[in-house]
Every structure is written in structure tokens, then in C-alpha cells.
Amino acid sequence: MNKDAFHMVVEVPRWSNAKMEIATKDPLNPIKQDVKKGKLRYVANLFPYKGYIWNYGAIPQTWEYPGHNDKHTGCCGDNDPIDVCEIGSKVCARGEIIRVKVLGILAMIDEGETDWKVIAINVDDPDAANYNDINDVKRLKPGYLEATVDWFRRYKVPDGKPENQFAFNAEFKDKDFAVDIIKSTHDLWRALVTKKIDGKGISCMNTTVSESPYKCDPEVAKAIVDAVCKSFFEKEHN
């Protein structure tokens with residue numbers, strides 16, 4: 001297996017606007033639309049872009065720990081799995097799980113918190129073989145990385161918030177650097193799910209991590225999913 005390939009959970013398909021994310025405090029961490037002040041959240045169409053400009057999601061089994069001061073950014077983590085921008089040609093479906101080849105990473109500072117953005121491409125993309133590091137993105141998709149920085153810098157401005165900041169003068173770090181960051185966030189996730197770190201409200205319920213005290217029987221997990229689906233169905237039809 002490619003050591004630079006990881007699984008990605010797609011939260012937001014390219015060109016869409018609904019701010020969907022893994023709900024880390026809900027049992028089994030479903031994907032839900034973010035809510036602010038009682039209203040569903042959407043990102044604005046930030047000129048000249050339409051919605052998110054990549055398939056956007058996260059690498060599971062990672063955690064940007066808010067108690068860990070990142071040596072590269074000087075800021076603590078944002079309490080979420082590490083984010084991924086997938087740059088391939090296919091528009092993925094929400095909830096789709098794909099394998100991606102990591103190419104590089106951007107260090108965003110979001111309201112004083114470290115919020116890494118991994119740049120990757122679907123391993124099944126027809127052009128995946130041509131992309132092996134961040135310089136290949138610069139060469140084959142001219143302007144795309146600059147647009148990515150611009151989007152992340154300004155996407156909260158229409159909501160009345162200030163522009164986001166970046167470490168490394170908004171320069172993308174290479175594949176090896178990105179893989180090291182992913183591995184470090186995986187180590188923090190493992191400490192979380194084995195109860196070596198207090199997640200303070202994060203639901204660590206799972207069906208697969210044998211050494212985790214939060215591990216549950218698959219039938220228990222299925223019952224939770226079935227109950228949520230039933231509740232949703234009833235709300236939709238009332």
C-alpha cells in the first residue's frame with residue numbers, strides 16, 4: 001500500500017455550499033450540517049468561486065488536540081479531525097470514503113487555533129499518477145493553490161469575521177511534512193480514544209479499536225443509527 005495514501009471522509013462535495021462536518025460530540029460521529037444561532041450554516045459564494053472549490057472532508061482517526069501547542073504555528077489545535085482538500089476531477093458524494101494520495105499541507109490559523117489543510121488527490125483519479133508532491137499541483141493546476149489560500153483567507157468575511165491567517169507566510173509544505181503532521185494527529189487521536197487524554201465532550205464510541213474503553217458492540221451501534229434514522233424519518237413526515 002502507498003505509505004502516502006490515507007482514507008478520507010467526504011463531508012462537502014465540490015461546488016456545494018452547505019457547511020457539513022463530522023459531529024464529534026454525537027455518538028458514532030455522524031456528518032451533520034453546522035448550526036449557528038439556530039440557523040443552518042452555508043458558506044457564501046466568494047467571488048469568483050462557487051461554494052467549496054475542492055471535495056472537502058477529513059482524515060478519520062486524527063485529532064487536532066486543543067491542549068497541544070503546535071511547534072510550527074504556535075497555536076493549539078481546533079479540536080477536530082484534520083481537514084483535507086481533494087483536488088481530483090470527480091465531484092464526490094457526501095459521506096463517501098475514498099483513498100487519497102497526500103501531496104502537501106497548508107497551516108491555517110483560524111481565530112487563534114491551528115487548522116491544518118491537507119492537499120490530496122483521489123488515488124483512483126485518472127491523473128493521480130502525475131501528482132506526487134505539492135510542486136506537481138503548482139505545475140499541473142496553475143493558480144489552484146493560490147485560489148485555495150485566497151478562499152481560506154476570506155471565506156468567513158461575508159459572515160462579519162476577520163480574514164484567517166497562515167503560518168509559513170501562507171506557503172504550502174511538501175508531502176513528507178504533511179504525512180508527519182497527519183501521523184502526529186493520529187497519535188493524539190489514539191491517546192484520546194484510549195482515554196489517555198480527556199476529550200471533554202467528544203464521543204469516542206467505536207466498534208473497532210480493541211484497546212479503547214469506548215469500544216461497543218456493533219449491535220449497539222446499529223441500534224443508535226436505526227433510532228436516529230427513525231427519528232429523522234418521522235420528523236420529515238410530520
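Is Lys37 buried or exposed? Lys37 counts as exposed, because its relative accessibility is 81%; here buried means under 20% relative accessible area, exposed over 50%, and partly exposed in between, with a 1.4 Å probe and protein chains only as cover. The model is predicted, so local features need pLDDT of at least 70 and side-chain atom pairs count only at pLDDT 80 or more, while totals for chains, interfaces and linings use all residues. Residues are numbered from 1 along each chain as its sequence is written, and side-chain values use heavy atoms, with hydrogens and water left out.

**Backbone points to look at**

Lys37 sits in the loop between strand 4 and strand 5; strands (E, at least two residues) and helices (H or I, at least four) are DSSP runs numbered from the N terminus. Although Lys37 is not a glycine, its phi is positive, about 55 degrees. Lys195 has a positive phi too, near 70 degrees, and lies in the loop between helix 3 (175-193) and helix 4 (218-236). In the loop between strand 5 and strand 6 you will find Pro48, which is joined to Phe47 by a cis peptide bond with omega of about 5 degrees.

**Loop residues and their surroundings**

| Residue | Relative accessibility | Class |
|---|---|---|
| Thr24 | 14% | buried |
| His68 | 38% | partly exposed |
| Leu46 | 7% | buried |
| Lys195 | 57% | exposed |

Thr24 belongs to the loop between strand 2 (20-22) and strand 3 (31-33). Beyond its neighbours within four places in sequence, Thr24 is in contact (heavy atoms within 4.5 Å) with residues including Asn79, Asp80 and Ile202. Leu46, in the loop between strand 5 (39-40) and strand 6, is in contact with Asp150, Trp151, Arg154, Tyr155 and Pro158, again leaving aside neighbours within four places.

**Helix 2**

In helix 2 (residues 144-154), the buried residues include Tyr144, Leu145, Trp151 and Phe152. Among the elements covering the buried residues of helix 2 are strand 9 (97-110), strand 10 (113-122) and helix 1 (134-140).

The protein chain is divided into domain 1 (5-202) and domain 2 (205-237), with bounds from an automatic or database domain assignment. Their contact takes eight residues from domain 1 and ten residues from domain 2. The C-alpha centres of domain 1 and domain 2 are 26 Å apart. About 760 Å² is buried between domain 1 and domain 2, with 69% given by carbon and sulfur atoms; buried area is the accessible area (1.4 Å probe) that two parts lose on being put together, summed over both. Of the area that domain 1 buries against domain 2, Leu28, Val193 and Lys195 supply 59%, more than any other three residues. Between domain 1 and domain 2 the count is one salt bridge, meaning a side-chain nitrogen of Lys or Arg within 4 Å of a carboxyl oxygen of Asp or Glu. The side chains of Arg190 and Glu211 meet in a salt bridge, at 2.2 Å from N to O.
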